[in-house]
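Subject: Structure handover

Hello,

The structure we discussed is below, with the sequence. My notes on it follow.

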Amino acid sequence: VFRDTEEVRLSNSERKLLKVLVENEGTPLSASVLSNRVWNGRDEKSDARLADAICSLRNKLEEDPQRPEIIHTVWGKGYMFHPVRRIAVHRELNPA
């Protein structure tokens with residue numbers, strides 16, 4: 001994945017999470033749905049794990065992670081990929 005011209009390295013979890021969000025662009029996905037698709041289920045640490053992964057993706061992809069323009073929080077619904085500006089995804093999001 002590239003941000004502008006710079007390659008951004010993602011962990012497997014970040015890659016899976018971004019893939020699910022991109023495949024559902026414009027649709028808010030709940031924490032439950034994301035946890036099930038990325039980590040194959042939920043447990044007592046799921047919400048914290050998801051919040052950490054979203055934070056990490058924002059830090060890597062957003063110009064200003066405090067004002068996200070790519071991965072949005074939709075209060076009461078979950079998270080949504082809907083970039084205000086286009087980002088280039090040059091690599092396959094599936095783990096190699």
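Please keep in mind that the model is predicted.

In these terms, P65 lies in the loop between α3 and β3 (71-74). P65 is partly exposed, because its relative accessible area is 25%, and partly exposed runs between the buried limit of under 20% and the exposed limit of over 50%. Leaving aside residues up to four places away in sequence, P65 touches R58 and N59.

Next, the helix pair. The axes of α2 (residues 31-39) and α3 (residues 46-61) come within 10 Å and cross at roughly 80 degrees. Angles of 65 to 115 degrees count as roughly perpendicular, so α2 is roughly perpendicular to α3. On the α2 side the contact is made by A31, L34, S35 and W39, and on the α3 side by S46, D47, R49, L50 and A53. By class, this contact has 5 nonpolar, 2 polar and 2 charged residues.

Last, the core. The largest nonpolar core has 19 residues, and L17, L21 and L34 have the most contacts inside it. At least two residues of this core come from each of α1 (12-23), α2, α3 and β4 (78-81). The largest share, 5 residues, is supplied by α3. Not counting residues up to four places away in sequence, L34 touches L17, V20, L21, L29, W39, L50 and Y79.

Regards

Technical notes. Residues numbered from 1 in each chain as written. Predicted model: local features only at pLDDT ≥ 70, side-chain atom pairs only at ≥ 80, totals over all residues. Heavy atoms only, no water. Axes fitted to C-alpha atoms, helices over the stretch in contact; angles between N-to-C directions. Helix = DSSP H or I, 4+ residues; strand = E, 2+ residues; numbered from the N terminus. Parallel < 35°, antiparallel > 145°, perpendicular 65-115°, else oblique. Contact = heavy atoms within 4.5 Å. Nonpolar A, V, L, I, M, F, W, Y, C, P; charged D, E, K, R; others polar. Buried < 20%, exposed > 50% of the residue type's maximum accessible area, 1.4 Å probe, protein only. Core = buried A, V, L, I, M, F, W, Y, C linked by side-chain atoms within 4.5 Å.
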